[in-house]
Amino acid sequence: MGVHAFDVLGDPVRRRILELLAGGEQAAGVISEVIRAEFGISPPAVSQHLRVLRESGFASCRAEGTRRIYAVEPDPLQEADLWLERFRPFWNQRLDALATELARSRRERRPTSNDRGNPTATSAPKPGTDTGPGTDTDTDTDTEENT
C-alpha cells in the first residue's frame with residue numbers, strides 16, 4: 001500500500017463521504033446535500049470528490065434509474081489498516097493510559113443531579129444528606145398541597 005491511499009484519506013471532505021457510506025449505500029444527491037451543508041462546497045466540487053473516491057477504489061457507484069448509488073469499498077481501507085498496524089503499539093499504550101485516567105477521574109467525581117450547576121461540586125453527597133424532591137425536607141410542601 002502506497003502513500004496514495006493517505007492522499008485520498010487526507011482530505012476531510014472525502015473522509016466525511018466515507019463516513020456517510022460506512023452506514024450503507026447512499027444516493028449521490030443525499031451525499032451532496034450533507035457535504036454541501038457541512039463544508040459549504042458546490043455540487044460540482046462534491047462530484048469531484050466522489051470521482052476521486054471511485055477512481056482510487058475507495059467507493060463504487062451503480063446506476064439505479066436516474067440516481068447514482070455509492071457504496072464504500074473495503075479493500076483500500078483494509079490496506080491502509082494493515083499499513084497502520086505496525087504503529088498501533090505506540091498509540092494503544094497511550095490510549096490505555098488515557099482510559100485509565102478517565103476512569104480514575106470518573107471515580108473521583110461522581111456528579112449527582114444536585115451537583116448540576118454547582119461548579120464546586122466534586123463528589124456525590126453523603127448518604128442521608130440529599131435534600132432533593134422526595135426527601136423528608138420536602139414533606140411540608142406535600143402536606144400543604146394536600147390540605
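Reader: Let's start with a contact: which side chain does arginine 14 join in a polar contact of 3.3 Å?

Author: The partner is histidine 49, with that 3.3 Å contact running side chain to side chain. A polar contact is a pair of N or O atoms within 3.5 Å; within protein, one must be able to donate a hydrogen and the other to accept it, and residues adjacent in sequence count only if both atoms are side-chain atoms. Arginine 14 also uses its side chain to reach the backbone oxygen of valine 8, at 3.0 Å.

Reader: Before we go on, what kind of model is this?

Author: It's a predicted model, where local features need pLDDT of at least 70 and side-chain atom pairs count only at pLDDT 80 or more, while totals for chains, interfaces and linings use all residues. Residues are numbered from 1 along each chain as its sequence is written, and side-chain values use heavy atoms, with hydrogens and water left out.

Reader: Okay, back to arginine 14. Where does it sit, and what does it touch?

Author: You'll find arginine 14 in helix α2. Helices (H or I, at least four residues) and strands (E, at least two) are DSSP runs, numbered from the N terminus. Leaving out residues up to four places away in sequence, arginine 14 touches Asp7, Val8, His49, Val52 and Leu53; a contact here means heavy atoms within 4.5 Å.

Reader: Is arginine 14 buried or exposed?

Author: Buried, and yet arginine 14 has no salt bridge: aspartate 11, the nearest side chain of opposite charge, is 4.2 Å away. Buried means under 20% relative accessible area, exposed over 50%, and partly exposed in between (1.4 Å probe, protein chains only). For charge, Lys and Arg count as positive and Asp and Glu as negative, with His and the chain ends not counted.

Reader: How many salt bridges does the count come to?

Author: Nine. The rule asks for a side-chain nitrogen of Lys or Arg within 4 Å of a carboxyl oxygen of Asp or Glu. Take arginine 16 and glutamate 38, whose closest N and O atoms are 2.8 Å apart. Their bridge links distant parts of the chain, since arginine 16 is in helix α2 (residues 12-22) and glutamate 38 is in helix α3 (residues 28-39), 22 residues apart.

Reader: Why does arginine 16 count as partly exposed?

Author: Because its relative accessible area is 22%. Glutamate 38 is partly exposed too, at 44%.

Reader: Which residue does arginine 62 meet in a salt bridge?

Author: Glutamate 25, at 2.6 Å from N to O. Arginine 62 lies in strand β2 (residues 59-64) and glutamate 25 in the loop between α2 and β1 (26-27), so this bridge ties together parts that are 37 residues apart in sequence. Arginine 62 is partly exposed at 35%, and glutamate 25 is partly exposed at 45%.

Reader: And what about arginine 88?

Author: Arginine 88 bridges to glutamate 85, with closest N and O atoms 2.4 Å apart. Arginine 88 counts as buried because its relative accessibility is 18%, while glutamate 85 is partly exposed at 44%. Elsewhere, bridges with shared partners join Glu25, Arg62, Glu64 and Arg67 into one network.

Reader: How many aromatic pairs does the structure hold?

Author: Two. Rings of Phe, Tyr and Trp (its six-membered ring) pair if their centres lie within 6.5 Å; planes under 30 degrees apart count as stacked, over 60 as edge-to-face and the rest as tilted. Tryptophan 83 and phenylalanine 87 have ring centres 5.1 Å apart and planes at 50°, so this pair is tilted. Tryptophan 83 is partly exposed at 32%, and phenylalanine 87 is partly exposed at 29%. Ring pairs link Phe6, Trp83 and Phe87 into a cluster.

Reader: Where is serine 56 found?

Author: In the loop between α4 (43-55) and β2. Serine 56 counts as buried because its relative accessibility is 16%. Its side chain reaches the backbone oxygen of valine 52 at 2.8 Å, and a polar atom of that side chain lies 3.3 Å from the backbone oxygen of leucine 53. Setting aside residues up to four places away in sequence, serine 56 touches His4, Val8 and Pro76.

Reader: Last one: how many helices and strands does the protein have?

Author: Seven helices and three strands, running α-α-β-α-α-β-β-α-α-α from the N terminus on. Of the 147 residues, 20% are buried.
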